[in-house]
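Colleague: I'd like to learn how to read side-chain contacts in a model. Can you walk me through some?

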Amino acid sequence: ALARHSVRAYRDVPVTDDEIRTLLELTGRAPSAFNLQPWRFIVVRDQTVKDQLQAAAYGQKQVGGAPVVIAMYADMEDTMAHLDQVVHPDLPADKKAGTIAMLQNTFGGMTEEARGVWANAQANIALGYLLLIAKSEGLDTSPMLGFQADQVKNILGIPAHATITSLVAIGRGADDGFRSHRHSLERIATFR
């Protein structure tokens, strides 16, 4: 995990479906408030689509050059529409119904935009998991926020109300890039 850093050039080595499935299954273990898990992933391998995404991402070379690009987004509206799939299946029926009602009351009074901001904060937790797990599985990544969200949504068919958390280039690095540079613990943490 300490060796994780963004890589922007990738070798022409495939990333298998099994590797991506493992990565996403492990990423899905990330915690989320109320266990709502509002994150969604679109795995892109098609070069034509990656080229379109690269144009929407201001030409960032890692989008077109990585074997895989994952578009990660938060969709709280989909989550709210499927609360029966979110609530733990082992709850007794009355507690399950009560939990669904509580979630509807908690989030139903929010605007769609406020729900989207809340869901994206949860998805960012999963993004951190994805990046660290990828490194532990022998994959390099480059998370990106520099893109035109409306264009990415159009290219990938992401709902207009969803918030794109990140585009993530994934593969095996062709170079080491810059070494990881982080603040010292003393700079970022206070112990009392």
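Modeller: Let's go through aromatic pairs and then salt bridges. This is a predicted model, so to speak: local features need pLDDT of at least 70, side-chain atom pairs count only at pLDDT 80 or more, and totals for chains, interfaces and linings use all residues. Residues are numbered from 1 along each chain as its sequence is written, and side-chain values use heavy atoms, with hydrogens and water left out.

Colleague: How many aromatic pairs does the search of the whole structure find?

Modeller: Rings of Phe, Tyr and Trp (its six-membered ring) pair if their centres lie within 6.5 Å; planes under 30 degrees apart are stacked, over 60 edge-to-face, the rest tilted. Here the search finds two. One of them is Phe-34 with Phe-107, edge-to-face at 5.8 Å centre to centre and 90 degrees between the planes. Phe-34, Phe-107 and Trp-118 form one aromatic cluster.

Colleague: Is Phe-107 buried or exposed?

Modeller: Buried means under 20% relative accessible area, exposed over 50%, partly exposed in between (1.4 Å probe, protein chains only). Phe-107 is buried at 2%, whereas Phe-34 is partly exposed at 44%.

Colleague: And which residue forms a salt bridge with Glu-19?

Modeller: A salt bridge is a side-chain nitrogen of Lys or Arg within 4 Å of a carboxyl oxygen of Asp or Glu. For Glu-19 the partner is Arg-172, with the closest N and O atoms 2.3 Å apart. Arg-172 is buried at 16%, while Glu-19 is partly exposed at 22%.
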